[in-house]
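My entries follow in the order in which I looked.

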Amino acid sequence: MVIKVYVASSTSSIAVKKHQQAVVGFLEANRINFQEVDITMLEEQRLWMYRNIPEEKRPEKGNPLPPQIFNEDRYCGDYEDFFLSKETNTVFAFLGLHSQPSVKALIELLSPAHCQPQSCKSIQTCNLRIWFLPNV
């Protein structure tokens, strides 16, 4: 599954630019794989985006503004939908993803019986050890 964010690289709207940056920044910060699709460069992609936004999500006048978010060919929503999902902590469901990707970490109290696994890096401070496990 690839999240696709339809953006406009050349827009005079400061609001559109900020909305696009907010969506892309969130996806990058949370290590969610996505593809940016610039609708100002490819007419075919712009038309595809317009055709695949549900009727109830289209504005009464004009065309839908970016960013528009899809999971493959499934419409997820626009910036307002994304923002609402962020506020309600449901972004992964909104994007149609099963779980949040993360760096796995194991925190343990130090004792002489603990051995250091070969494949992990650790940081040792006082009586606490944090293991950063490789993503599998």
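With which side chain does the side chain of Lys57 make a polar contact? Working from a predicted model, I found that the partner is the side chain of Asp81, at 2.9 Å.

Entry on Lys57. I placed Lys57 in the loop between α2 (43-52) and β3 (68-71). Leaving aside the neighbours within four places in sequence, I listed Tyr75, Asp78 and Asp81 as the residues in contact with Lys57. For Asp78, which is 21 residues from Lys57 along the chain, I noted a separation of 8.4 Å between the two C-alpha atoms.

Entry on the helix pair. I next turned to helix α1 (residues 14-29) and helix α3 (residues 79-87), whose axes come within 10 Å and cross at roughly 45°. The crossing in which α1 passes α3 is left-handed.

Which residues of α1 meet α3? I wrote down His19, Ala22, Val23 and Phe26 on the α1 side, and found that they meet Tyr79, Glu80, Phe82 and Lys86 in α3. Sorted by class, this contact of α1 with α3 has five nonpolar residues, one polar residue and two charged residues.

How values were computed
Residues numbered from 1 in each chain as written. Predicted model: local features only at pLDDT ≥ 70, side-chain atom pairs only at ≥ 80, totals over all residues. Heavy atoms only, no water. Axes fitted to C-alpha atoms, helices over the stretch in contact; angles between N-to-C directions. Helix = DSSP H or I, 4+ residues; strand = E, 2+ residues; numbered from the N terminus. Left-handed = near helix turned anticlockwise from the far one by under 90°. Contact = heavy atoms within 4.5 Å. Nonpolar A, V, L, I, M, F, W, Y, C, P; charged D, E, K, R; others polar. Polar contact = N/O pair within 3.5 Å; in protein donor to acceptor, adjacent residues only side chain to side chain.
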